[in-house]
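These are my notebook entries on a structure that I looked up for the first time. I record each topic in turn.

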Amino acid sequence: MPTILAANESAVLLDGKPVEGIRSIEYRQQQTRENIYGLGSAERIGLTSGALVVEGRLRVASASPALAAIPADKSFQLSALLKHGNTTMTVSFDECYVTEKSFAMTVSSFGESIYSFTTTRVTEAVA
């Protein structure tokens, strides 16, 4: 059975304080992998893992003064408290740095800011 999480029951915290106007949170992990082959063989006998890169984006209605005020060289912590009924999942992002800020507004809509970040590690816990 899949774990269902609802946006309207969830929250994102910046250094422990709620971020208002969150429209979405996205993140991806990518780890370098290298195949190990036996001598004289084309068959893989092992795998080594290397650098882990975690990148994310927060979409916010209009703008977030708290996120906009973070200097490029200052780290921060993000936590996403994802819920649906009795199901909860906490996603913690440690040692985050803002890598990009953008803003867009379309006709018949409202402004939206996107804050891109990189993080040292991400931890997921389902309760």
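I began with Ser64, which is buried, with a relative accessible area of 5%; buried means under 20% relative accessible area, exposed over 50%, and partly exposed in between, with a 1.4 Å probe and protein chains only. I note that this is a predicted model, in which local features need pLDDT of at least 70 and side-chain atom pairs count only at pLDDT 80 or more, while totals for chains, interfaces and linings use all residues. Residues are numbered from 1 along each chain as its sequence is written, and side-chain values use heavy atoms, with hydrogens and water left out.

I placed Ser64 in the loop between strand 4 (44-61) and helix 1 (65-68). Helices (H or I, at least four residues) and strands (E, at least two) are DSSP runs, numbered from the N terminus. Leaving aside neighbours within four places in sequence, I found Ser64 in contact (heavy atoms within 4.5 Å) with Val19 and Tyr115.

Backbone angles came next. Most residues other than glycine have a negative phi. I noted that Ser62, not a glycine, has a positive phi of about 65°. Ser62 is in the loop between strand 4 and helix 1 and, at 38% relative accessibility, is partly exposed. Glu95, also not a glycine, has a positive phi of about 50°. I located Glu95 in strand 6, where Glu95 counts as partly exposed at 40% relative accessibility.

I then asked how many aromatic pairs the structure holds. The structure holds 2. Rings of Phe, Tyr and Trp (its six-membered ring) pair if their centres lie within 6.5 Å; planes under 30 degrees apart count as stacked, over 60 as edge-to-face and the rest as tilted. Because Tyr27 lies in strand 3 (residues 22-37) and Phe93 in strand 6 (residues 87-104), the pair ties together parts 66 residues apart in sequence. Tyr27 is partly exposed at 29% relative accessibility, whereas Phe93 is buried at 0%.

The rings of Phe93 and Phe117 have centres 5.5 Å apart and planes at 80°, so this pair too is edge-to-face. Phe117 is in strand 7 (residues 112-126), 24 residues from Phe93, and both Phe93 and Phe117 are buried. I recorded that ring pairs link Tyr27, Phe93 and Phe117 into a cluster.

I turned to strand pairing, for which DSSP must find at least two bridges between two strands. Strand 1 and strand 5 (residues 76-84) run antiparallel and are joined by 5 bridges, with Val12 opposite Ala80 in strand 5. Strand 1 and strand 2 (residues 17-18) are also antiparallel, joined by 2 bridges; here Leu14 stands opposite Lys17. These two strands form a hairpin with 2 residues between them, and Asp15 in the turn has a positive phi of about 50°.

Last, I looked up the largest pocket, whose volume is about 220 Å³. Its lining includes Leu5, Val12, Val19, Arg23 and Leu82. A pocket is an open set of points on a 1 Å grid over the protein atoms alone, where a 1.4 Å probe fits, with protein on both sides within 12 Å along at least five of seven lines; lining residues have an atom within 4 Å of a point. The volume is the space filled by probe spheres set on the points, which are joined across faces, edges and corners. I found the largest share of the lining, 5 residues, in strand 1 (6-14).
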